[in-house]
Amino acid sequence: MLFQKAYAAGTIALPQAAKVAAKIDLLHDAVFWLSVVLLALVTAMLVVFIWNYHRSKTGRMTEYILGSHFFEALWTVIPLILFLGIFLWGYIDYLHLRTPLEDPLEINVVGRQWMWNFEYTNGRKTLNELFLPKGRAVKLIITSEDVIHSFFVPNFRLKQDSVPGMYTYLFFEPTVTGEHPIYCAEFCGTGHSDMLGKAIILEKEDFNQWFQTGNLPGSIKKLTQAVSPVSTAEASLPKKSLAEQGKGVFDSKGCFACHSVDGTAKIGPTLLKSFGRNEALQDGKTVTVDENYIRESLMDPQAKILKGFPPSMPTFRGLLTDDEVNALIAFIKSLK
Ligand code: CUA
C-alpha cells in the first residue's frame, strides 16, 4: 500500500484530504471568480467611459443628472441578491459542517503549550500525530489545558478553536491517505509557530492494525517520518481503554455514592443510558447530556440541576485533571 497523491483543485493550491474540502473550495472559487468578473467589468466600463466621453472628444460639459430610481434600484438589488446568495451557500455548508456524522470514531484532542495530544477510545495516546482511517467518519472532541489554541488542518479545510474549560467538535471524513500538516492557528505564546502536528490517514486495515497493536505496517513506516519515539513507545504499551480509566476515576473519587450505573436513582441521577439524553431541569428548561454538560456538572454542579434531584453535588474543580474528565465522559458514554 502506497500513500496516495492528493490533488489540489480550483484556486486553493492545497490537496483536498477530507470529504468536505471540495465543498469549501467550490464556494471559495465561486466568490473568487465572481470578484474577478465584477472587477473586470467595472474596470472595463471605467476605461470605456473615460475614453469615449472625455471633454476633448465630446466638446461639452458633463450633464448634471439629478438621479435615477431605475439605476439606484438596479445597483442595490443585484448586489443584494449576490450577497444573500453567497450567505445562503455559506450557511448551508456551515450546517453541513456542524451536523454530527453517523457512528463516528471518537478521538480526544487536547491542545497545550505547545503540542497536540490525541487519545483514542482504547486508551492509545499519541503526541502531535493524529492517525485516521480513510473513509470513516471521525469526531474530534477538542479542548485545551491552558490557553486558547486553534486546531487547523489546511488540507481538510477545517479549523476549530481549542478552548480551556469546554469541548468543541469537528466532524469529517478523511479521504486521501498520507500525511497532512496540523497547525495551531491562534497565537498562544512563544512556541505557537512550533505547535505542529501531522494527520496521518491510513487505509482502514492499516489503521485497525495500528489501533489494535500500535504498530504500523512496514511499508508505511518507511514512507512516513511520522512515527516519533514518543508515540511508538507509548503506542506499544497496552493501556486500559478510556472508558476503563474512567471507571477507575469513578470508583476512586467516590462518584458511586450518589450515582448508580444500573438505572436506579440514588441521591443523584443514574448514569446508565444518560449520555445523549434530553433531561428536564428544575427551571423548566431542558438540557442535552453531552460532553460539555458533563464537564459543567463536574466543575459547576449547581449550574443546571436535573428536575427531582437536590442541588447537593460538590464541585470537582481542581480535583480532576482534563484527562480524568475525558475518561469519565468516555465511561459515561459506555453505559449504554
Ligand atoms: Cu497553540 Cu498557537
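User: Let's start with lysine 333 and glutamate 291: are they buried or exposed?

Analyst: Quick note before that: this is a predicted model, where local features need pLDDT of at least 70, side-chain atom pairs count only at pLDDT 80 or more, and totals for chains, interfaces and linings use all residues. Residues are numbered from 1 along each chain as its sequence is written, and side-chain values use heavy atoms, with hydrogens and water left out. On the scale used here, buried means under 20% relative accessible area, exposed over 50%, and partly exposed in between (1.4 Å probe, protein chains only). Lysine 333 and glutamate 291 are both buried.

User: How far apart are the N and O where the side chains of lysine 333 and glutamate 291 meet?

Analyst: The two meet in a salt bridge, that is, a side-chain nitrogen of Lys or Arg within 4 Å of a carboxyl oxygen of Asp or Glu. Lysine 333 sits in helix 9 and glutamate 291 in helix 8 (residues 291–299), 42 residues apart; helices (H or I, at least four residues) and strands (E, at least two) are DSSP runs, numbered from the N terminus. The N to O distance is 2.8 Å.

User: Which residues are linked with Glu291 and Lys333 in a network of salt bridges?

Analyst: Glutamate 291 also forms a salt bridge with lysine 139, with the closest N and O atoms 3.0 Å apart. The network holds Glu291 and Lys333 together with Glu106 and Lys139.

User: How is the chain divided, and how many salt bridges does the rule find across the interface?

Analyst: Domain 1 takes 1–49 + 100–237 and domain 2 takes 242–334, with bounds from an automatic or database domain assignment. In contact terms (heavy atoms within 4.5 Å), 19 residues of domain 1 meet 13 residues of domain 2. Across that interface the rule finds 3 salt bridges.

User: What area is buried between domain 1 and domain 2?

Analyst: Buried area here is the accessible area (1.4 Å probe) that two parts lose on being put together, summed over both. Carbon and sulfur atoms give 36% of what is buried between domain 1 and domain 2. The total is about 1200 Å².

User: Where does asparagine 326 lie, and which residues does it touch?

Analyst: Asparagine 326 lies in helix 9 (residues 322–334). At a relative accessible area of 3%, asparagine 326 counts as buried. Leaving out residues up to four places away in sequence, asparagine 326 touches Asn108, Val110, Tyr167 and Leu242.
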